[in-house]
Amino acid sequence: MLAQDNAWSTRPKKDKIPSYSFFTQPIERSQQDDREYRLVKLENGLEAMVVHDPKAEVAAASLDVAVGHLSDPADMPGLAHFCEHLLFMGTELFPRENEYSEYLAKNNGSSNAYTSVMNTNYHFQVATPALSQALAHFAAFFHCPLFDASCTMRELNAVDSENKKNLQNDMWRIFQLNKHLSKEGHVWSKFGTGNQQSLTQAARDLKARNKVNGVNGTHVVNGNLSVNGSATLRSPSPSPSTSSATSETEADGGFIGQETRRRLIEWWREEYCAGRMRLCVIGKVAEPVEELSDLVATLFSPIQNRGKESLPRNDDHPFGSNEKGTLVSVQTIMDLHAVEVSFPMEYQAPLWRHKPANFLAHLVGHEGPGSLTSYLKKQGWLTYLSAGGQNLARGFGMFKVTIHLTQAGFQNYRQVVSAVFKYLSLLRSSELSPRHQSEIAKINSIRFRFQEKRRPEDYAVWVTEHLSWPVPPNLVLSAPPQVWEWDNTGGEKDVRHMLESLKIDQGRVTLMAKKEEHAKLREGENMVWEKEPWYGTEYRVERWDEDFVRQAQRENDIQELYLPGPNKFIPTNLEVEKRDVAEVQKRPHLIRQTDLSTLWYKKDDQFWTPKARLVMELRSPVASASPRDRVMTKLFTELVNDALNEYAYDADLAGLSYMFGSHSLGTTIMISGYNDKLGVLAESVLKKIKTLEIAPDRLEVFKEQIKRDWENFFLGQTYRISDYFGRYLLTQKQWTIEETLKEIPNITVQEIQSHASALLSQLNIQMLVTGNMYKDEAIQMAQMAEDILKAKPIPPNEVIDRALILPEGSNYVWSALVPNPNEPNSSLTYFLHLGKLTDPKERVVGSLLVQILSEPAFNVLRTQEQLGYIVSCSSWNLAGEGQRGIRIIVQSEREPVHLERRVEAFLGGMKSEIEKMAPEVFEEHKSGLRQKWTEAVKNLSEEASRYWTHIDSGYLDFLRRWNDANALTEITKTDVLDLFLSRVHPSSSRRSKLSVHLKSRKPRPPRISVAAAEAFADLVKPAKPTVDADGWRDALGETMTAADFAKYWAGILGDDGKTLLEKIPALMVQHPVIESSVQETLEGQPTYIEDIQAYKSALPISEEPAPLVEWNDLPIAKF
């Protein structure tokens, strides 16, 4: 923030509350915002925004540290990320490692954190009454963390597991490749996630050097690591074991773990400075901002100011002359075709008033007539385009144009890239009317004026991320989301300046596709590929040929390209009739019902914004009657969206968006935004649905896209795939992706045209209208839908979802291989059926049981046992929303059988935990769940989503949350224990279980045994007497891959060691790794599913959904 010294006042120290300063002027905020704000500066330099929300039921906090992975030491990539992990493992004030997460879980709370390039953000939410204690835990992480030595290896494993989760993810791979291809020595090239190797290699090297020199540079004093004999923290950490000095298998990692932790603490003390921290706290207290300000000062003043630069900045861009004017070809994991054009960009935060990058993104990314998107679509080359500026770090950024291509577009990528430069040339040669900036400013101003509340945690994170912007303190909330019209202080000049840098010799183009696609493109060429070191991404870099450069530098000659016209969807009527409301209505009312449609409606009575929301579901028996029908329904919705895109894009820009999508029961239209022109858009969407004329070329584009998307699903995270199979195994009628993929190739225009007619000929229409819309307007919309669609009615129960119910005592297992052969992670989806969602007591007891199990499941399976980075325990509602159970997922490098055994061991251990749970702890769980259920919605979207869940399911149980919250009062620990013992505990004969095992096919890298390594060392000793033949133990430990062992010795022996290195394979055969011959098996007598259809046909089907409450709203609505 920009300084305004005369606008600050000092609150002197009082009792135990330290002195602090606060900003005295009003902070500009949205007119909808009823919260009270105060900017605070503590004496240690920490800046904070305290927010009093008089309606808050959930409080939140976020602390942003202006240090990220660009500050990692060169020899320890990932250290900032490792700090983020280990920081949570206890403090001097609260030493138990899961005390914080346990407290949050009991009080309707949760926490998370992320490490970025130049900042690290920690955040949480919690029930409002629990804020003070949660903040005390939170603040302690930043002034007295333990960095618990006993957690060192576990959190190193967690970082390593997180990295392995991303190894087959193209987004992460290409992100790191772009960093890798920075100019030599630039910090942007750093590997931010880190892994076990990158974080411990420095310690291994030190151990090896110390052994050679006979020196021990790190030692243990009074159970605490010390640096040069002085304690690193104010009180000792838990003592390492006596054997840990040599054993990396101990919790503190022995010498390697101790040294890694020492370096972490050293780095933390150097980089984590109060002056680099920005905090936001949102809560509700008796004396609004004063009390919150005092609380912040008391809890966060102990954080040390180490005299560091408040906002470290780097203005040196990672693109040098060698990086500009290049084409980078990248091999992807997924089947995709894309090209990205990137240009160095000035850091945009100081340009906050006019935001030139946003102006150019608006034009380059436009999708209306005359746009780059429109032109490329008409050529059959594009599926999607995005453009925008991105601040990579404080000091430099990148402007990117990303284009997802069709197969034809990929083949013609040079013409696609050329079109990008032609459009940029058009902008340089055009008069840039202030009208464009004026429209952008008006749209953003309206959006800010009627900005609705969001989740407090999300908002707190947003505030802390923007407190570092160089804006006047009173504009810290309003400047980031808004844009000013051009004036004599700048605007067009900044845009023109930026445009001059968007040329082919200043940027880099990245072409992305699978290896075989590149080979087809360059048929006959001998393509030599390089490999990025951390992800193994293969790539090649070349300079553009002179002919292409000359072509890209020419004036625009594509007549179809021109600048957008005025936006007719910008709302003009923003009136809201605000009424005094004694009590907010908790449900919508049925105001219209015919044989064809049902309309539920609720006039906004709490948010008072000129916005509305329409949800319209068109259920049809034709939608998914066969796999082919399912595909054609999906294609139909995509083609409708495509046909509407140019027309609806301006509406979307102006804050009125629509979605038309398909699902198993039919299609859904959703329109939300400013109500001024909502009816106009709704009419256009319905007419296009009814009258669509399918273009053959666009059909081929979407057949290709859908096929690619569905095939790529199986190359994603394995837990998502096991969840998909779990859902399929528990749903009465669902076509598999494999079944639908077979149908795509030979679907014709005529078939889809006929299918669309059949799809719309017989319907049951369910509608919901909420927001700033009158009853008669909602009824007109329902009548309009019936008039346009002209469908014959079908009964509501003709098209419904139903679940398959696991019989009591069943124990099913379905196993398969992970589809991606290079994916190292297996996964487990573990489901236990609890019972009917329609039984009030069963539903409430089940929810409370899940509340009790969730945090311990994460703590035991993820934090303590380190099974994998992704671990979760939650409720799982089955198809039709009438049945539910508990679902535990684990994604891990371990075998699925092992994962299931550990899940069952965890569940077995929870029996005693529930039995010995103190009454006050049990009441805390009930209180947390009650707060969750009774928490008010924050905006129209949340409200409509809650209502639609009950309309869509057919149960119409709108008051369920409040009824369940009241029912909690009567629930006892005996109720929970009875349900647990009968439905969850592994010993129960009534338990119903289904587990899905997905096993990784990726072979483990060959390992070399200690005996083989020692035998090789014996060969080295006489051949190279000056070499430390036993140094491999310190560098690699005793569990190593053959590749790492060979790489280590190649570095030691150099070219002279080739003959010796050739002997390693024979030694591995002579001294093999002794693998355990014991194959893990599951307890009990599981039934392995061999024939899925036979399994499904044998299961009972859930009941048809029916209203649980008769509201009797008709003929007169009661509101």
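**A chat about the C-terminal lobe and its sheet**

Author: In this predicted model, residues 848–948 are 61% helix and 18% strand, with end C-alpha atoms 24 Å apart.

Reader: What does UniProt call residues 848–948?

Author: An unreviewed UniProt entry annotates that span as "domain: Coenzyme PQQ synthesis protein F-like C-terminal lobe".

Reader: And which residues does "domain: Peptidase M16 N-terminal" cover?

Author: According to the unreviewed UniProt entry, residues 50–183. That stretch is 41% helix and 19% strand, and its end C-alpha atoms are 42 Å apart.

Reader: Back to strands. What is the order in the open sheet of six strands?

Author: The order is β28-β29-β27-β30-β26-β33. The pairing is mixed.

Reader: Which are the edge strands?

Author: β28, residues 870–877, and β33, residues 1087–1088. Each of them pairs on one side only.

Reader: Do β28 and β29 run how, parallel or antiparallel?

Author: Antiparallel, over eight bridges, with β29 spanning residues 883–892. Within β29, Q891 is the residue that stands opposite I870.

Reader: Which helix packs on the sheet?

Author: Helix α26, residues 896–915. The strands it touches are β27 (826–836), β29 and β30 (993–999). Its direction makes about 40° with that of β27.

Reader: New topic. How is the chain divided into domains?

Author: Domain 1 takes 326–453 + 478–553, and domain 2 takes 589–798. Domain 3 is 811–991 and domain 4 is 1010–1070.

Reader: What separates the centres of domain 3 and domain 4?

Author: A distance of 51 Å, with the centres taken over C-alpha atoms.

How values were computed:
Residues numbered from 1 in each chain as written. Predicted model: local features only at pLDDT ≥ 70, side-chain atom pairs only at ≥ 80, totals over all residues. Heavy atoms only, no water. Pairing = 2+ DSSP bridges. Helix = DSSP H or I, 4+ residues; strand = E, 2+ residues; numbered from the N terminus. Contact = heavy atoms within 4.5 Å. Axes fitted to C-alpha atoms, helices over the stretch in contact; angles between N-to-C directions. UniProt positions renumbered as here; feature names shortened; annotations may be inferred. Domains from an automatic or database assignment.
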